[in-house]
Amino acid sequence: LELLLQLFANGIISGSCYALVAAGLALSYALLKVLNFAHGHLIMVSAYTFYYFFSVLNYPIFLSIAITLFISILLGFIALFIFIKPFLNLNSYLPLVATISLSVIVEGIISLLFGVDTKSIIISRKYHNIGPIIVSSLQISIVIYTIISFALLGYLIKYTAFGRSIKCLRENRYSALSLGINERLIILFVFFISILVSSLGGVLISAETNLSPYMANTYTIKAFACMIIGGIGNLWGTIYAGIFLGILENISLGIDFKGYHLTSAYKDVFAYILILLTLILTGNKQLRKV
Amino acid sequence: MNYWLHLLILVCIYSSFAQSHNLLFGLTGQLNLAHISSFALGAYTTAILSTYHNNSMFSCLVASMFIGGIFSLFIFFISSRLHDDRFSLATLALSLLLSVIFINYREVTNGVFGIASIPRPVVFNIEILNNLNFLCIIAPFSFIILGINYVLFSNRFARVNKAIAENCEVVLGLGVNPKQYLFASILCSSIFAATTGAFYAWYVSYIDPSSFSFSETVLIITINVLGGIGFFWGNVIAAIFLVLLPELLTFLPLDSSYIGPIRQILYGSLLFIVIALSSRFNSVKLRAV
């Protein structure tokens, strides 16, 4: 049982990572209706920038976080204006192919600059014992950051005029436009928030796990999985789905089926199976609830 | 000389592979990201049958085609439920699922170590040893595949599939069953991909899960987009161009570890430039919402 509890805690930690990544994706998908294939790559760029400034150049931690945020927001806007915006109202595979090309370019540039071998960020970490569970201070900060950012997001969406106009745009674009809601500004701001949330999450994830140019696709797929399970465009569903996915992946390691253990190599399978099952069962229905 | 033969063989493999993707992507507009899995299944079937069981060339090819056909049933099931970006996402999940199986089902696929020293096939008691002999085998097959594709692209089949992409209700109203046509194009594209995969396994003689990664999918999407989506001759020329283009990089004075990433950046930026230009010149339809 202690093993299961530990795995459950690990599941919550990795689940909150997935939820952070997926929340940004879900926010931008709800408005743009574009599967941003390069989302994981934007996160990877922020992780590598943080690695460069913090571990290579030895800048202080808050300065390097600030530089990372600046660079990733800049890159996010480049992605939005060059790779996503021009294809918005065109045939559906075009924005997908454009973001795929962005992801390939980013992956190439990163592996050109930093090499293909895995890197890790060394941060001094203390280990705490909470009952039978051992967690590091970094992992606690991940969970705390997740809770804070989701509380802020929830406040923003539920209680401000800005959040209501997002909802309005999502429900009915034309009536929102006729009510005088500035669509461009809202899209800009939503993209800004999604990049902010995800890139800070990316920094924390990169400190927790290792860095490699090939990590981005995994995060993109996991984020897609969370978004689809949680209902497309549904922010809260996405967050719950992320935590559910993290717990499922970790708990599956601890359960034995008549003496047969699932190895960690099969961990990623859950995300793929859940994507397939949810998509096939829901069919082509539009799940655009708020 | 041998180098040019090597390039010609690669052109044969990639042109028929990209053309088989074009059959589905170009005609119906559905981006099938699991196409590389058909290729991988064909390659693995051939590798296992010819390395461990000493089967002849003919039976390997038939088995690869059969497996490719069975795999197309899954894709058809997905496509009958989903369209557009949901279809792409579901097929992506399917292909990743298969790649996890390739890595972890060690008893059959030998895991990440892959299957090494796949023997070249024996045709009419002649052993295929050098590149010239291999080219003599692969060229007829890729001509057959390209020929079937050409026939499919220039008759009723292509017109009905394009009509399905534009407006399914009209096709139904004209008394044509769209599912038959969709199934036929998925089946053909999957079988062709599996056949090319078999030749790939024979030619490279070493396959592992990383040879069927996402970057291969990006390569064939680039070929399709560069050659014009749903345009036969353009795709053949684009396949030749894109196979030869990265070979120019080897002449540059670069460290060999840089060539892979530079090739990736090259493909990505080419893909983006072509997509941006084609959307600017309005050759693509507006999305019907």
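Predicted model: local features only at pLDDT ≥ 70, side-chain atom pairs only at ≥ 80, totals over all residues.

Trainee: What does buried mean here, as a cut-off?
Mentor: Under 20% relative accessible area.

Trainee: Where does helix α2 sit in chain B, and what span does it reach from first C-alpha to last?
Mentor: Helix α2 covers residues 35-52 of chain B and reaches 26 Å, close to the 26 Å expected at 1.5 Å a residue.

Trainee: And what happens just after α2(B)?
Mentor: B:N54 takes a positive phi there, about 55°.

Trainee: OK, zooming out. How many helices and strands does chain B have?
Mentor: There are 12 helices and two strands in chain B. Reading from the N terminus, the order is α-α-α-α-α-β-β-α-α-α-α-α-α-α.

Trainee: Why call chain B as compact as a globular protein of that length?
Mentor: Its radius of gyration is 19 Å, close to the 19 Å from the globule rule for 289 residues, so chain B is as compact as a globular protein of that length. Along the principal axes, its C-alpha trace spans about 55 × 45 × 35 Å.

Trainee: What share of chain B counts as buried?
Mentor: 56% of its 289 residues.

Trainee: Last one: how many positive and negative side chains does chain B have?
Mentor: Chain B has 12 positive and 10 negative ones, and the centres of the two sets lie 12 Å apart.

Technical notes
Residues numbered from 1 in each chain as written. Chains lettered and ligands numbered in written order. Heavy atoms only, no water. Helix = DSSP H or I, 4+ residues; strand = E, 2+ residues; numbered from the N terminus. Rg over C-alpha atoms; globule rule 2.2 N^0.38 Å. Buried < 20%, exposed > 50% of the residue type's maximum accessible area, 1.4 Å probe, protein only. Lys, Arg positive; Asp, Glu negative; His and termini not counted. Charge placed at Lys NZ, Arg CZ, Asp CG, Glu CD. Expected span 1.5 Å × (residues − 1).
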